[in-house]
Amino acid sequence: MLLLGCIKEVSDYELVISLPNGLSGFVPVTQISDAYSKMLSKQVAQGELLEDLNSLSDMYSPGSLVRCIVTSVEKSADGRRSIKLSIDPRKVNKGLNASALASGMLLSGFVSSVEDHGYLIDIGVSGTHAFLPRQKAENYIKAVKRGSDLKIGQNLNCVIVEVKNEGRVVCLSIDRSEVAAALATEQQNWTLSNLLPGLVVKARVQKVAPLGIKLSFLSSFTGIVDFMHMDPEKSINYSQDQVVKACILSVHPTSKVVRLTLRQAFLHPGGSPHQLSNDRMGAVVEESTVKAFYKQFGAVFELDDGTLAFARLKHLSKTRKSFKPGAFKKGWKHKCRIIDYSLMDEMCIVSLKYQIIEARFLQYQDIHTGDVMQGKVFALKPIGMQVKVTDGIKGLVPSMHLADVILKQPEKKYNIGDEVRCRVLECNPAGKKLILTLKKSLVQSKLPVLSNYEDAKPGLITHGFVVCAREFGCIVKFYNDVKGLVPKNELSSEPISCPDKVFHEGQVVKVVVLKCEPQQERLLLSFRLSSKPAREDKKECSPKKKQEVKYQIGEMVDVKVLKKKDNGLEVSILEDEGNVIALIPTVHLSDFVVNCKLLWHCLQEGDVLPRVMCLSDKGEHIILSRKAAVISAVQEEQVVRSFSEIQSGMLLTGFVRNVMPFGVFVEFPFGVTGLAPKVSMSDKFVTDTKDHFVVGQTVIAKVMSIDEEKQRVLLNLKVSECSSGDSAAESFALLSQYFKEVKEIRNLWRRGGESSMAWGLCELVPGKELQLVMQDVKEDGSALFSGSCVTGLTVTATRYHLGDKSIVPGEKTKALVLHVDALTSKVYVSLRENLLKQRP
């Protein structure tokens, strides 16, 4: 597919190209031109720099229009599509042959050789020699101010001035006025097989529709102008048979669909689109006005400065469920954030998603050395681990920085998709380079971040990591590649003969700055902190009842159990070096009521619980929750942060706050509560509300109605009303989570020091067949059993589950485990033949 693109970014190895409709692609350095590729190969073969080989940044600059051809579309590991392009004229102009060339044609060409009187230009047409006289290039060279000459590999917009010998020789011009006036005509005999993007044509309007315009041009061709490429000043004034000037944007090779633009910046070849000022990128616009809404694509907005912006459908709401088309009527106002700029559409790309508007990091420029951030494991490679911070930002954790110690098998600790908390060691926005560390000692450090030599004042105490230990001492590295020397006599108060036996590569150390020479980038350090004002070492480490630093609702923390209380677990937050205590109420240990008491019983002082969420930071304690469904709802933004955000019909995940005779009060993250009346509690008839719900139970509720005046919310808890659609998938997900927790509980029971009875309980899983001995029959008809595999446990079968078996004390029988109540040490079994036979 042929496309007109605009250079967005230039690096050493590729050009990033802005394409129509908000897309982006890239041109590798090997896809510039044949002549340039040959010079690259020659340089690699010789192993030394060639004087006449120019870098991409010497020849290309952002804002220039180029013709491209799609060479491949690849899907990356995170599901995003990567469009690979070429601007090589042999590929772009492959539909042309020598006999088709005519005066006035506008073509792409590349400088292949510099001669005395001009330049040889490669236009990619076999059997044709193209020459650009020097006088036809002078005007262009002066205007672009790129030195006194054109460079080999440089892309040019060329107009054919003269055709000789049936197209075997052509004379070209790149004079700016001649290029700008170039117009494709019927006399140039363009065909669908050689039609090129970037050609400007005169066209006639055939049909005007809400999503675009159909045009006819060059007598026999038709094309489409979509809503993003109509002239914003004239979009409501187009009429049938009107003659307009248009520029070809793309030509599809198989469907032969031609797309054009009517935007003014493209109607004069050689021009360039408007660019967005750097200070606007990432800006939050409090009130953007809806100009138009297209239900299949998205919405066009007018920003506060009068410029237009486009939001794709997926960026109009938090989730698909919460999307309401009625909120995007013309003239309605919304808060949004500029997340990108499409040069080819001359439009800002915006998002209305709350998590994007509030995001700390949107582009590499937002990241600073020392920042602590959350990311997801994207890929494990020999050099380290790739971490995805946002959709457009990825960082590398070098192998040395995967943990406080060197990991020999990192794949055993990390899985793709795991969330990790890391710290920025180095960030280079220009090169999109982000280096991170997962060393907890660095991530959790409260000491100053040393990222430049100027800040290394004598007496400064900070954390660093060892990169080299030799007989002369240790070299310690900090942030932004700042490093210093700890000489042998400063390694310890006691003499160390072999530093490499005491210190290892990657070890996190606390150092004090002795001396620094910023100009020479020389830094002298010491490990001997005793004589220095090291307040951090003497700091009181007992947990505090109330923390100085507030924790945000939804923030994930790791905790350690300090004490078991009647109402839950008192824990310390490890991220704050254990100095802040919090409470996990028993009912918040799990989504499943039955597992909450089991977990409380199994967990012991000193146990570490990872990834617990802050639910409230009011009162004496921070309240934490371990409910997976509630945590998932917050992370996926399926929550309301205030009463004003609630809308009728919403499905929200919460937990039962109180059970009253008239209904159930449900609380949601961020403190919003609602009432489910008795009639809306269950699909069954409700006699006693306490028979259906218990305090702390996780529920999914549907908003029925809102009373804004009284600030009341009425909810529906009926299962038939509260499914999001795929009830089977939801059920399996809940079962999976339940069994995952049951497995965790078993592992807690199994650990050392537990009794043989606890071990026995762990081995008894529903569906297991046991050999038991009949003992006795109780008054209600149920029976008791014993056996070597159930020593110390009460084993019961109800009258129904005895089947046809008659109880004879001392007789052996087979039984199937139905349920295990670990807290009461009771096991319920069945002797029914139909169940025993079905056992796999």
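**View 1. Ser220 in the loop between strands S12 and S13.** Ser220 sits in the loop that links strand S12 (212-217) to strand S13 (221-226). This is a predicted model, so keep that in mind for every view here. Is Ser220 buried or exposed? Ser220 counts as exposed because its relative accessibility comes to 59%, and the cut-off for that label is over 50%.

**View 2. Leu218, a loop residue with a positive phi.** Stay in the loop between S12 and S13, where Leu218 is also placed. Its backbone is the thing to look at: phi is positive, about 45°, although Leu218 is not a glycine. Most residues other than glycine have a negative phi. Leu218 is buried, since its relative accessible area is 7% and the label applies under 20%. Ser220, by contrast, is exposed at 59%.

**View 3. Leu215 and the largest nonpolar core.** The largest nonpolar core holds 58 residues. Which residues have the most contacts inside it? They are Ile121, Leu150, Trp190, Leu215 and Phe217. Zoom in on Leu215, leaving out neighbours within four places in sequence, and its contacts include Ala203, Arg204, Val205 and Gln206. Further along the chain, Leu215 also meets Phe221, Thr222, Gly223 and Val225, as well as Val244, Ala246, Leu260 and Leu262. There is a second, separate core too, with 28 residues, among them Met400, Cys474, Ile496 and Leu525.

View 4. Asp122 belongs to strand S7, residues 118-122. With a relative accessible area of 12%, Asp122 is classed as buried, because that value falls under 20%. What does its side chain reach? It gets to the backbone nitrogen of Gly124, at 2.8 Å. Setting aside residues up to four places away in sequence, Asp122 touches Asp34, Pro89, Arg90, Ser108, Gly109, Phe110 and Ser112.

**View 5. Where domain 3 meets domain 4.** In the domain assignment, domain 3 covers 364-444 and domain 4 covers 453-526. Their C-alpha centres lie 24 Å apart. On the domain 3 side, 14 residues are in contact with 10 residues of domain 4. The size of an interface is often given as the accessible area lost when the parts come together. For this pair that comes to about 990 Å², with 66% of it on carbon and sulfur atoms. In domain 3, the residues losing the most area to domain 4 are Met400, Leu425 and Leu442, together 44% of what that side buries.

View 6. How many salt bridges are counted between domain 3 and domain 4? The count is zero. Polar contacts do turn up: the rule finds three residue pairs across the interface, with both residues at pLDDT 80 or more. Two elements, strand S24 (419-428) and helix H7 (440-443), each supply at least two residues of the side of domain 3 that touches domain 4. S24 gives the most to that side, with five residues.

**View 7. Asp481, another positive phi.** Now look at the loop between strand S27 (473-477) and strand S28 (483-487), which is where Asp481 is placed. Asp481 is not a glycine, yet its phi is positive at about 65°. How accessible is Asp481? At 36% relative accessibility it counts as partly exposed, because that value falls between the 20% and 50% cut-offs.

View 8. Ser526 is in strand S30, residues 522-526. Its relative accessibility is 0%, so Ser526 counts as buried. Not counting residues up to four places away in sequence, Ser526 touches Val486, Glu490, Lys510, Val511, Val512 and Leu514.

View 9. The protein chain has 15 helices and 45 strands. Its C-alpha trace spans about 115 × 80 × 60 Å along the principal axes. Buried residues account for 46% of the 840 residues. Among contacts between residues at least 6 apart in sequence, 59% join residues at least 24 apart.

Technical notes
Residues are numbered from 1 along each chain as its sequence is written. This is a predicted model: local features need pLDDT of at least 70, side-chain atom pairs count only at pLDDT 80 or more; totals for chains, interfaces and linings use all residues. Side-chain values use heavy atoms; hydrogens and water are left out. A nonpolar core is a set of buried Ala, Val, Leu, Ile, Met, Phe, Trp, Tyr and Cys residues joined through side-chain atoms within 4.5 Å. Buried means under 20% relative accessible area, exposed over 50%, partly exposed in between (1.4 Å probe, protein chains only). Contact means heavy atoms within 4.5 Å. Domain bounds come from an automatic or database domain assignment. Buried area is the accessible area (1.4 Å probe) that two parts lose on being put together, summed over both. A salt bridge is a side-chain nitrogen of Lys or Arg within 4 Å of a carboxyl oxygen of Asp or Glu. A polar contact is a pair of N or O atoms within 3.5 Å; within protein, one must be able to donate a hydrogen and the other to accept it, and residues adjacent in sequence count only if both atoms are side-chain atoms. Helices (H or I, at least four residues) and strands (E, at least two) are DSSP runs, numbered from the N terminus.
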